[in-house]
Amino acid sequence: MEAANEVEFIDSIPTLDDDNEPEDLTFKVAEPTKVTADHNRMISLGELNHAKAFVLPKSSDIGMDLSILMSGLSIQNQIAELDEPWDTEGLLREIQDELQLERDKQEDAASA
């Protein structure tokens, strides 16, 4: 049983070069591919909508009448809005004023 508990000591740590074998090319890593701007370009909402318009299934293919749904859809030009910067302090002030008006109305109704 003592032989199992004995630890074998090594004077040096063996290295891969000690084998004197030719270099193994399976450990080489290839250079990454070059990514161009065309591959990383963000697709605009208009392009997605345009592409999606031609991909919608036909009623006969799916066995459903989509005319009601399609009549309610709007094109991008109809729903586009200009970006407006938000005034966070102003919005919070408006909310606070509206909440205070509601509290005042509730207090007036309770006291009357």
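L48 is partly exposed, with a relative accessible area of 46%, where partly exposed lies between buried (under 20% relative accessible area) and exposed (over 50%), using a 1.4 Å probe and protein chains only. The residue sits in helix α2 (residues 45-53), helices being DSSP runs of H or I with at least four residues, and strands runs of E with at least two, numbered from the N terminus.

This is a predicted model, in which local features need pLDDT of at least 70 and side-chain atom pairs count only at pLDDT 80 or more, while totals for chains, interfaces and linings use all residues. Residues are numbered from 1 along each chain as its sequence is written, and side-chain values use heavy atoms, with hydrogens and water left out.

The protein chain holds six helices and zero strands, and 2% of its 112 residues count as buried. It exposes about 12,100 Å², of which carbon and sulfur atoms supply 56%, by the Shrake-Rupley method with a 1.4 Å probe.

Together with I43 and L45, L48 forms a nonpolar surface patch of about 290 Å² accessible area. Patch residues have over 30% relative accessible area and no salt bridge, with like charges joined within 9 Å and nonpolar side chains within 5 Å; a salt bridge is a side-chain nitrogen of Lys or Arg within 4 Å of a carboxyl oxygen of Asp or Glu. A negative patch comprises D87, E89, E94, D97, E98 and E102.

| Residue | Relative accessible area |
|---|---|
| L48 | 46% |
| E98 | 49% |

E98 lies in helix α6, which has the highest mean pLDDT among the elements (94), pLDDT being the predictor's confidence in each residue, from 0 to 100.

Terms used:
Lys, Arg positive; Asp, Glu negative; His and termini not counted. Charge placed at Lys NZ, Arg CZ, Asp CG, Glu CD.
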